[in-house]
Structures are given as C-alpha cells and as structure tokens.
There are 2 protein chains.
Amino acid sequence: MRIGTLAAAAGLSAKTIRFYEQAGLLPAPPRTAAGYRDYPAEAADRLAFIRDAAAAGLSLAEIRGVLTIRDARQPPCRHVTTLIETHLEHVEQRIADLLITRTALQGLHRRARAVDPADCGPEGICRILTTTA
Amino acid sequence: MRIGTLAAAAGLSAKTIRFYEQAGLLPAPPRTAAGYRDYPAEAADRLAFIRDAAAAGLSLAEIRGVLTIRDARQPPCRHVTTLIETHLEHVEQRIADLLITRTALQGLHRRARAVDPADCGPEGICRILTTTA
DNA sequence: GTAAACCTTCCAGCGTGCTGGAAGGTCAAG
DNA sequence: CTTGACCTTCCAGCACGCTGGAAGGTTTAC
C-alpha cells in the first residue's frame, strides 16, 4: 500500500503521514525497490487511532506517549496506568479551565444583552468588556 | 509614562507592550526627545481592556477587531455580542470534545486497574490500550 | 563620574500541527 | 515514447502570542 492510498484510506494527506512518521507517531515502513513507502494494512488502523485521538483533543505528544509504550511490547501495565492517569489529569485541568472561560463568557454575554448600544457613548470604552476584569 | 511603568501598571512585560503596538492593538505613543515611548494614562486602561479580553479567551485578532471598531467611534456592542456568542460556541464545543475524551480515558483507566499485569503475556500487546485502538 | 537600570531597534526562535513548493525519480496508460 | 500522476527529499513558512538576545543610546542614583 503506497502513501497516497493510505492517505485516502485514513482521510489524511500524504504530507501529514510523512510528518507523523517524522514525528515518531508512525513507524517507518519498508520501501519498494524504487524507494516508495510500502505500508501494511495495519498502518490504516494506527492512523485511524491517531486521527481519532487527535480529534478528541490529545496532543501529538500525548498520542506518541501512548503509542510508544504500546509498541514496546512489554507489559508495562503500571506505566500505562500512570500514563492514563496523567492524561486524565491534563484533560480534566483543561476542562476546568474552559469551564471558567465559559462562565466568564456567559457573564459577558448577559451584560452584552443588557447594555443599550446607544449607551456606549462616542468616546467611551465599551462597557461590556471593560467592566469584566 | 514610560514603557516600564506602563508594563508594571498593566501587569505585562515591556516586550509584550511593544508587540501589541506592532500588532495594531495599541497605537504608537509620542516619543520623548530621546526616542522613548511616552504613554498617556489612558494607555493603561486600554491595556487592561486587552488583558481582560484576552483572559476571557478572545484572540488578539478578535480584540483588535473590537478595538478597531471602538476607535472608529462606533458602538461595538452588537459586534461584541456576536463575537462573544461565537466564542462561547467554540468553547462549549471544545468542552464537549474533552468530556468525550475524559470518558474514554476513564474507561481505559478502569480497564487498566482490572487487568492483572501478569496477564499481558510476553509477546502480546498490552491489553489496556490495544482494545482502544 | 560611573555604574546600573532603563530604553531603543532588529532579528531569531519557541512549540504545535501541519502545508506548500522545488527538484528530481518512477510508474501506468495511450 | 511521452504524458501525467505519483513518489522521494529537503527547505520554508503559516498562525499564535509572545520571549530572548545583541548592540547600542539614555537616565538615574550614589
């Protein structure tokens, strides 16, 4: 399977696949006599995993961490558990941050609807945002 | 008011203030005879506005949009309201994505605790993760 | 008078996740 | 045989929001 076929199958560009290889997310595949990358079918699964994990918001570094340990073929279950816990903490922290942001935005939005545009004044700073510090 | 004083007042670095000027968020102030930036007191208000809007998660481009309209002496309230609504949607989408990720990680974590490390087998791929890929 | 703390400009890079282009080699169809 | 689609490598840059450093000029404090 050449890179273009794999790219089409995974819904990514060939460029992105080479980038993932370079970034250590996808192992370098064997090459044809002409030097073309020749992927096994499993590569599509791996790329699908990467794509989904990335879509879910994991950074490539996080995904790489999961894949690296998986690829080690050792049973480092405790390591994996720790890794998962760490990822979970990061995700929960991000959620917490975003909830704070959301609350702030909802406050701004409430105020925005309450303010009469004519009220902003010719020189005044828009009240919606300035009162929010 | 020189840049260092303003920076201290606004809780930003002098570098950041120069960057904001370069980015079109802060107008270029008059200069002293020696070429030093000499800010009026209002600059601190403007920077506070920028800081607060950024803290609420608006991008510098979005803030610039608000400021540009404000500087044109038009009431930006409706624009700001729309901006907030759009941004709120993005944040909520992001939160929803992260909640899905969190659920997935929690499931992984439960499975990790349930698996006996000896169970992973010498040649098998660790089960915790493979069932997820 | 001198040393430190400040200011100026410009150029460079961080990290993230790609994307584009140039210059060249290879493969399949007509 | 030629055309065009595909592949290779490498180098470059996008956006984002700064941050650091070099090389110089100025102001302030002792």
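A polar contact is taken here as a pair of N or O atoms within 3.5 Å; within protein, one of the two must be able to donate a hydrogen and the other to accept it, and residues adjacent in sequence count only if both atoms are side-chain atoms. The model is a predicted one, in which local features need pLDDT of at least 70 and side-chain atom pairs count only at pLDDT 80 or more, whereas totals for chains, interfaces and linings use all residues. Residues are numbered from 1 along each chain as its sequence is written, chains are lettered from A and ligands numbered from 1 in the order in which they are written, and side-chain values use heavy atoms, with hydrogens and water left out.

Chain A contains six helices and zero strands, helices (H or I, at least four residues) and strands (E, at least two) being DSSP runs numbered from the N terminus. Of the 133 residues in chain A, 38% are buried, where buried means under 20% relative accessible area, exposed over 50% and partly exposed in between, with a 1.4 Å probe and protein chains only. Contact denotes heavy atoms within 4.5 Å, and among the contacts in chain A between residues at least 6 apart in sequence, 39% join residues at least 24 apart.

Of the atoms of DNA strand D within 4 Å of the protein, 69% belong to sugar or phosphate, and the rest belong to bases. Phosphate oxygens of DNA strand D are approached by side chains of both chains: an N or O atom in the side chain of A:Arg31 is 3.0 Å from one, the corresponding distance for the side chain of B:Thr16 is 2.9 Å, and a polar side-chain atom of B:Tyr20 lies at 2.8 Å. The surface near DNA strand D draws at least two residues from each of α1 (3-10) and α2 (14-22) of chain A and α2 (14-22) of chain B, and α2(B) gives the most, with four residues.

Around DNA strand C there are likewise 19 residues, with A:Lys15, A:Thr16, A:Tyr36, B:Gly4 and B:Arg18 coming nearest. Sugar and phosphate account for 68% of the atoms of DNA strand C that come within 4 Å of the protein. A backbone N or O atom of B:Gly4 lies 2.5 Å from a phosphate oxygen of DNA strand C, a backbone N or O atom of A:Leu60 lies 3.3 Å from such an oxygen, and for a polar side-chain atom of A:Ser13 the distance is 3.4 Å. At least two residues of the surface near DNA strand C come from each of α2 of chain A and α1 (3-10) and α2 of chain B, with α2(A) giving the most, four residues. By class, this surface has seven nonpolar, five polar and seven charged residues, where Ala, Val, Leu, Ile, Met, Phe, Trp, Tyr, Cys and Pro count as nonpolar, Asp, Glu, Lys and Arg as charged, and the others, Gly among them, as polar.

Definitions and conventions: A residue is near a molecule or strand if one of its heavy atoms lies within 4 Å of it.
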